[in-house]
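Subject: Structure handover

Hi,

Here is the structure I promised to pass on. Please open it first, then read my notes below.

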Amino acid sequence: MLFPTTIAGSLPKPEWLAEPNMLWAPWKSKGEELARAKRDATVLALKLQEDSGIDIVTEGEQARQHFVHGFLERIEGIDFAHKVEMGIRNDRYKAMVPQVVAPLRLTGRVHADEAHVARAHTTRKLKFTLPGPMTIIDTIADRYYGDRVKMAFAFAELLNQEAKALAADGIDIVQFDEPAFNVYMDEVNDWGIKALERAAEGLTCATAVHICYGYGIKANTDWKQTLGNQWRQYEQIFPAIDKSSIQQVAIECRNSKVPLELLALLPGKVVQAGVIDVASDVIESAEDVVKVIDDVSKFVPTRNIVATTNCGMAPMRRDVAEAKLVALGAGAKLARQRLG
């Protein structure tokens, strides 16, 4: 099938699970009640995607407070009790983050519960997202390693353990989220892609990397205003990513100033093309989606195009996010009719 659909990963959490319309949203319950609420929200996220015509579904990241820190919670060597303020994405915004204070080691499975729930409740292809090594070290304070690269590869080892376990759980695609890839361009080429490949080493399922300019929060939208009329940062890293072992690249294309001709630098990859804008509450039409897919097809073979969202939708209003899911499914269906 041409133009299969997926989402970047996250969906808004129901109001009964967490505070709505915000990142790092606090949970509404705890203990066994929270575990049940996470399970129910995961099943609901799958149902919403299926009903909207999404072909490659995710668990919506419903069991994670944050896409990075949801992974960190099961790692020994991290101090969550004494958080410190740290600049994120080269000081684009600040957050209170935990600290690495000792050698890193997994204490057990990280995402087994939600992976098992998701796999049990859908027969569709299932994608699971993990934070990439570079993005992790850009979102946690180092009080032990004293070396960004060394710490990134330590996290890559742990990511690899969990990714292999997810594949064994029946996950079809493991996607590593690396928004830091468009901030530290030289480091991406020097060691970032190598760390990413270490995280994906030996996986038997499909692999993807999601690179983006971030959620539709004010810190990111303000930053984008400083980038000029053409966002060409990817030009510096796409050739190296194309040579990597990662099979798919997710990139924003709707209402983005990324020149689409840069996608031609990824001839060996499946491109998850963002056709839904997560920085706007305006609901796309099916025609809008078709247009972006058509534009992307000038530079990417149609067989290599997956239609997706520009980024995660965690901070969005639920009604807006759900309407955008419907637009994504309807637009891809129309594109198959017109462009297939």
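Contact here means heavy atoms within 4.5 Å. By that rule, and leaving aside neighbours within four places in sequence, lysine 257 is in contact with Gly228, Asn229, Gln230 and Trp231. More on that residue below. One caution before the rest: this is a predicted model.

**The whole protein**

The protein has 10 helices and 10 strands. How does its radius of gyration sit with a compact globule? A compact globule of 340 residues would have a radius of gyration near 20 Å, and the protein has 19 Å, so the two agree. Along its principal axes, the C-alpha trace spans about 55 × 45 × 40 Å.

Buried residues make up 59% of the 340 residues. Residues 24 or more positions apart account for 78% of them.

**The loop between β8 and β9**

This loop runs between β8 (248-252) and β9 (270-276), and lysine 257 has its place there. Is lysine 257 buried, exposed or partly exposed? Its relative accessible area is 36%, so lysine 257 is partly exposed, as that class lies between 20% and 50%. One of its contacts is Gln230. The C-alpha atoms of lysine 257 and glutamine 230 are separated by 5.1 Å, and the two residues are 27 residues apart along the chain.

Asparagine 255 lies in the loop between β8 and β9 too. Its phi is near 55°, a positive value in a residue other than glycine. Asparagine 255 counts as exposed because its relative accessibility is 54%, and the cut-off is over 50%.

**Strand β9**

Isoleucine 276 is found in strand β9. It counts as buried because its relative accessibility is 0%. Which residues does isoleucine 276 contact, leaving aside neighbours within four places in sequence? They are Arg254, Glu284, Val289, Thr308, Thr309, Asn310, Lys324, Ala327 and Leu328. Arginine 89 makes a contrasting pair for a distance check. Isoleucine 276 and arginine 89 are 187 residues apart along the chain, and their C-alpha atoms are separated by 23 Å.

**The segment before α1**

Two residues are worth a look here. Asparagine 21 lies in the segment before α1 (31-51). Its phi is positive, at about 60°, although asparagine 21 is not a glycine. At 45% relative accessibility, asparagine 21 counts as partly exposed.

Proline 26 is found in the segment before α1 as well. Proline 26 counts as partly exposed because its relative accessibility is 37%. What does proline 26 touch, not counting residues up to four places away in sequence? It touches Leu17, Ala18, Glu19 and Gln65. Proline 26 and glutamine 65 are 39 residues apart along the chain, and their C-alpha atoms are separated by 7.3 Å.

**The loop between β1 and α2**

Glutamate 59 sits in the loop between β1 (56-57) and α2 (69-72). Is this residue, glutamate 59, buried or exposed? Its relative accessibility is 1%, so glutamate 59 counts as buried; the cut-off for that class is under 20%. The side chain of glutamate 59 makes a polar contact with the side chain of arginine 64, at 3.4 Å.

Arg64 is also listed among the residues in contact with glutamate 59, once neighbours within four places in sequence are left aside.

**Where to start**

I would begin with glutamate 59 and its polar contact with arginine 64. Then go to lysine 257 and glutamine 230, with C-alpha atoms separated by 5.1 Å. Finish at isoleucine 276, in strand β9.

Best wishes

Notes
Residues numbered from 1 in each chain as written. Predicted model: local features only at pLDDT ≥ 70, side-chain atom pairs only at ≥ 80, totals over all residues. Heavy atoms only, no water. Helix = DSSP H or I, 4+ residues; strand = E, 2+ residues; numbered from the N terminus. Rg over C-alpha atoms; globule rule 2.2 N^0.38 Å. Buried < 20%, exposed > 50% of the residue type's maximum accessible area, 1.4 Å probe, protein only. Polar contact = N/O pair within 3.5 Å; in protein donor to acceptor, adjacent residues only side chain to side chain.
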